[in-house]
Structure formats: structure tokens, C-alpha cells
Amino acid sequence: MKKVKLGVLVSGRGSNLQTIIDNIENGNLAAEVAVVISDQADAYALERARKYDIAAVQLSAKGYRAKREEYDALLVGELRKYGVELVCLAGFMRIITPVLIKAYPNRVMNIHPALLPAFPGLHVQKAALEHGVKFSGCTVHFVDEGMDTGPIIIQAVVPVLDADTEDSLSGRILTQEHKIYSRAIQLYAEGRLKVEGRRVMIRDGKTSADEFLINP
Ligand code: GAR
């Protein structure tokens, strides 16, 4: 199978990036990380990339606060330079603009640590605890022009326990993030994701609901 060239955008520790790399290395993911790009110079994710001889690009956002489109045009330039086909946001803490989305329509994925459309935005595990929900989880979705609003590809559900802290809940969700992000990318690689309006259908196989029920 042809390997999908990924561009992974990060801002921090990069545990989702690491799992993608691990799944590629152990043959579970028909992809290649062509480039890792960070808006933060000290992102540990860049070091992770370098360890595997993956191109690690730091693209500082300084000076682009009011010029998000210009920043995204630079991003698109880098992604094209490395022949990227699918862009994966993995803890990339910037709002992206139509410049990136139009360059990669239905080819930008994001992982979010909540069951969208509940709890979009930041600090969502804390928000879920404070709200008192009994279940939370994570979502892989295609990125559209809204904030965490694009078509949902896969979700995983985790219970919220009485004893949970923000850390313990985040950890339980992260374990599932690591599973579903690679799975979504693999489904893309197999050409099995079909976007119909807001719905993403998975061709020839189980639905995401069959595969990802509630994970303790
Ligand atoms: C992950 O929990 C991811 O879902 C979240 O940031 C973390 C990055 O961790 N993303 C967002 O909150 C995006 N709004 P990682 O750097 O270890 O992959």
C-alpha cells in the first residue's frame, strides 16, 4: 500500500506524534512522517522527530499574532515542500485559517481531548470535570473553518470517575487518543473515509461505534 505522507503540527510534548511514529515503525500504519512543524522552539515533539531523522521545522509565530493567514501561508509552503498529503494537528495550539484548510480540503485532521461537540477549546478535561459529566473521551475530526467543529471521524469514550483529577482524567483520555489517532490516519490511508456533509462514513467495515465503545 502507498504510504501517506504526513505533516504533523505540534506545539508541545508530542506524545500523539510519538504514537504515530511507533505505529509506523511497527507496521500498523501505512504512512510516513515527512515533516514535523512546531510554532514553539522548545517543543519536545521536535526532539522526538529528530531522533528518527524526521525533518523538524520550527516556524515561530512571533509577529504573526494579527496575521494568522500569513503564518498559515508559510505553513502551507513548508508542507508542500515536503510533499505532505495529510496534515495532522497533534497538540498544535493555534487556530488555523482558511488558508491552510483551502490548501488541504478534508485533509487536515485534529485530535481533541473531549467528546465534541461538547467542550471545544482549551482546558477541556477540567471543564468536563467541573461540569460533572459521567463520560468524556476524545475525538479525531477533519478540520473546517470553525473551532473544533469539523466532521467527526472517530471518537472514544472514557468514564469519569468520582476520584478523578484533571490529571487522571487527562491521562485516561490520552491513552485513547493514542489509539484512535493512528486508526483514523490508517483509515484515511486505506481510502476508507468518505465525507458526506457533516458525516464521515467508514467504507467496507465496522463503524467507528463498533470499534470504539467505552474504554475503562
Ligand atoms: C492532547 O491531549 C491533544 O488532544 C490536545 O493537546 C494534547 C497534546 O498532547 N489538543 C488540544 O487540546 C487541541 N485543542 P501531546 O503533545 O502529548 O500529543
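**Group meeting talk: a ligand and its surroundings**

Okay, let's start with H123, which counts as exposed, at 60% relative accessibility. The cut-off for exposed is over 50%, so H123 qualifies. Before I go on, please keep in mind that this is a predicted model. Where along the chain is H123? You'll find H123 in the loop between β5 and α5. If you want to get your bearings, look from H123 across to L174: their C-alpha atoms are separated by 14 Å, and along the chain these residues are 51 apart.

Where does the ligand sit? The ligand is in the largest pocket.

With G14, a polar backbone atom is 2.8 Å from an oxygen atom of the ligand. For S15, the side chain takes part: one of its polar atoms lies 2.6 Å from a ligand oxygen. And N16 has a backbone N or O atom 2.9 Å from an oxygen atom of the ligand. How much of the ligand does the protein cover? On its own the ligand has 450 Å² of accessible area, and the protein covers 89% of that.

One shell residue I'd like to pick out is I111, which is in strand β5. Is I111 buried or exposed? Buried means under 20%, and I111 has 7% relative accessibility, so I111 is buried. I111 and G7 are 104 residues apart along the chain, and their C-alpha atoms are separated by 14 Å.

Next, some backbone geometry. In general, most peptide bonds are trans, and most residues other than glycine have a negative phi. Now go back to the loop between β5 and α5, where P117 is found. The peptide bond joining L116 and P117 is cis, with omega at about 10°. F119 is in the loop between β5 and α5 as well, and its phi is positive, near 55°. At 18% relative accessibility, F119 is under the 20% cut-off and therefore counts as buried.

What is the phi of D148? About 60°, a positive value, although D148 is not a glycine. D148 lies in the loop between β6, residues 135-142, and β7, residues 152-159. With a relative accessible area of 15%, D148 is buried.

Last stop: helix α3, residues 68-81, which holds L74. L74 has a relative accessible area of 36%, so this residue is partly exposed: that class runs between the 20% and 50% cut-offs.

How values were computed
Residues numbered from 1 in each chain as written. Predicted model: local features only at pLDDT ≥ 70, side-chain atom pairs only at ≥ 80, totals over all residues. Heavy atoms only, no water. Polar contact = N/O pair within 3.5 Å; in protein donor to acceptor, adjacent residues only side chain to side chain. Areas by Shrake-Rupley, 256 points an atom, 1.4 Å probe, with all protein chains shown as cover. 1 Å grid on protein atoms, 1.4 Å probe; cavity = no way out; pocket = protein on both sides within 12 Å on 5 of 7 lines; lining within 4 Å. Sits in = over half its atoms within 2 Å of the grid points. Helix = DSSP H or I, 4+ residues; strand = E, 2+ residues; numbered from the N terminus. Buried < 20%, exposed > 50% of the residue type's maximum accessible area, 1.4 Å probe, protein only.
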